Amino acid sequence: MKKTLLSLFALAAMSATALAADVKPALVYGTGGKFDKSFNEAAYGGAEKFKAETGIDYRDFEPTSDTQGEQAIRNFASKGFNPVVAVSFAWTSAIEKVAAEFPDTQFVIVDSVVDKPNVRSVVYKEEEGSYLVGLLAGMASTTGKVGFVGGMDIPLIRKFECGYEQGARAAKADIEVLQNMIGTTGAAWNDPVRGGELAKNQIDQGADVIYAAAGASGLGVLQTAADNKKFSIGVDSNQNHLQPGSVLTSMVKRVDLAVYNAYSDSKNDKFTPGLLALGVKEDGVGYALDDNNAKLITDDMKAAVEKAKADIIAGTVKVHDYMSDNSCPK
């Protein structure tokens with residue numbers, strides 16, 4: 001009997017090892033770099049959480065060009081990595097091609113939609129989270145002017161800006177929203193100097209709260225706002241700690257969940273393809289409140305933003321999605 005039990009335990013251990021070996025996670029970042037303190041770093045956090053909980057390691061790659069991104073995705077798939085997660089709309093065509101070449105591999109793309117039977121597409125309702133931080137910006141502003149600095153000038157980033165603008169106007173109907181984009185290529189995600197220059201220009205025009213949705217470029221916005229004793233708003237990751245007392249809040253986008261869930265679902269044989277759209281209701285986006293900004297968010301501000309959050313979930317507040325018609329209501 002004892003031998004039988006030991007044999008069963010041994011078989012169970014071997015089965016568990018075999019199952020774990022079948023999962024070889026891979027991660028391809030956007031071109032802003034792994035440690036951008038924002039979008040890519042959120043993805044890294046999700047992968048690290050999975051590794052810490054399961055003991056299963058993963059491979060990752062930081063492309064510096066669109067060509068490198070596609071090469072990395074194909075390279076991982078060809079070497080048996082599964083699932084392969086690609087974070088950034090920039091990898092849309094690459095995932096379309098490579099997923100067709102490797103139909104037995106599970107792929108995940110974040111911030112875009114690829115309609116393939118082996119691809120999970122994870123998109124976010126950034127307009128909802130941006131509305132919440134825009135409301136806080138409008139309430140915190142004393143000049144009646146707030147700013148927005150985006151990274152690459154694409155509809156996705158216009159979506160952030162439009163939600164922010166709607167939130168700010170919900171706080172102050174006549175508020176002025178200044179806006180600039182850093183560039184039109186992937187380099188726009190990694191130019192903090194330019195981000196700082198645009199933030200300073202907006203400050204000189206009277207903006208006293210500036211929201212950065214620009215990857216690593218946003219670090220220059222946060223630094224410039226702090227240097228000029230103005231407020232900034234972080235994005236994707238909770239960036240409140242980067243300039244404590246100056247970052248009013250951060251629009252948190254749970255890219256970490258997209259990565260963590262993909263790996264966990266694959267490990268547990270629960271991976272499903274198709275579209276996932278995550279908003280306030282799904283805890284996919286929100287605003288950050290912690291010790292670094294607790295003194296900046298008054299009771300009235302917190303009550304207002306929590307009410308707005310509840311109203312969005314209930315459907316009584318509908319935030320316009322710029323990408324639905326490429327326009328923002330005024």
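**Figure 1. The loop between H3 and S3.** Pro 83 lies in the loop that connects H3 to S3; helices (H or I, at least four residues) and strands (E, at least two) are DSSP runs numbered from the N terminus. The peptide bond between Asn 82 and Pro 83 is cis, with omega about 5 degrees. Most peptide bonds are trans, and most residues other than glycine have a negative phi. This is a predicted model, in which local features need pLDDT of at least 70 and side-chain atom pairs count only at pLDDT 80 or more, while totals for chains, interfaces and linings use all residues. Residues are numbered from 1 along each chain as its sequence is written, and side-chain values use heavy atoms, with hydrogens and water left out.

**Figure 2. The loop between H8 and S9.** Lys 229 sits in the loop between helix H8 (218-227) and S9. Although Lys 229 is not a glycine, its phi is positive, at about 55 degrees.

**Figure 3. Confidence along the chain.** The average pLDDT of the chain is 93, and 94% of the residues score at least 70; pLDDT is the predictor's confidence in each residue, from 0 to 100. Over residues 1-21 pLDDT stays under 50. For residues 1-21 the model has two contacts beyond four places in sequence, where contact means heavy atoms within 4.5 Å.

Figure 4. Six strands make an open sheet with parallel pairing, in the order S2-S1-S3-S4-S5-S11; two strands pair if DSSP finds at least two bridges between them. Strand S2 (59-61) and strand S11 (274-278) are at the edges with a single partner strand each, so one side of each has no neighbour in the sheet. On average, neighbouring strands of this sheet are turned by 15 degrees against each other, direction ignored. Axes are lines fitted to C-alpha atoms, for helices over the stretch in contact, and angles run from 0 to 180 degrees between N-to-C directions. Three bridges link strand S1 (residues 26-28) to strand S3 (residues 84-87) in the parallel sense, and Leu 27 stands opposite Val 85 in S3. Helix H3 (residues 66-78) packs on the sheet and touches S1, S2, S3 and strand S4 (107-110); its direction makes about 170 degrees with that of S1. Helix H9 (residues 255-267) also packs on the sheet, where H9 touches S1, S3, S4 and strand S5 (119-124), and its direction makes about 160 degrees with that of S5.

Figure 5. An open sheet of six strands runs in the order S7-S6-S8-S9-S10-S12 with mixed pairing. Its edge strands, S7 (176-183) and S12 (285-287), each pair on one side only. Neighbouring strands of this sheet are turned against each other by 15 degrees on average, direction ignored. Strand S6 (residues 145-152) and strand S8 (residues 209-213) run parallel and are joined by four bridges; Phe 148 stands opposite Tyr 211 in S8. Helix H6 (residues 155-171) packs on the sheet, with contacts to S6, S7, S8, strand S9 (231-236) and strand S10 (247-253), and its direction makes about 170 degrees with that of S6.

**Figure 6. Packing of H2 on H9.** Two packed helices are described by the angle between their axes and the distance between the axes. Helix H2 (residues 39-54) packs with H9 at an angle of about 35 degrees, the axes being 6 Å apart. The crossing of H2 and H9 is right-handed; a crossing is right-handed if the near helix is turned clockwise from the far one by less than a right angle, and left-handed if anticlockwise. Residues of H2 in the contact include Phe 39, Phe 50 and Glu 53, and those of H9 include Tyr 260, Tyr 263 and Lys 267. By class, the contact of H2 with H9 has nine nonpolar, four polar and four charged residues; Ala, Val, Leu, Ile, Met, Phe, Trp, Tyr, Cys and Pro count as nonpolar, Asp, Glu, Lys and Arg as charged, and the others, Gly among them, as polar.

**Figure 7. Packing of H5 on H10.** The axes of helix H5 (residues 126-140) and helix H10 (residues 299-314) come within 10 Å and cross at roughly 155 degrees. H5 is therefore roughly antiparallel to H10; angles under 35 degrees count as roughly parallel, over 145 as roughly antiparallel, 65 to 115 as roughly perpendicular and the rest as oblique. H5 and H10 cross in the right-handed sense. Among the contact residues are Tyr 131, Leu 135 and Met 139 of H5 and Met 301, Val 305 and Ile 312 of H10. The contact of H5 with H10 comprises 11 nonpolar, no polar and three charged residues.
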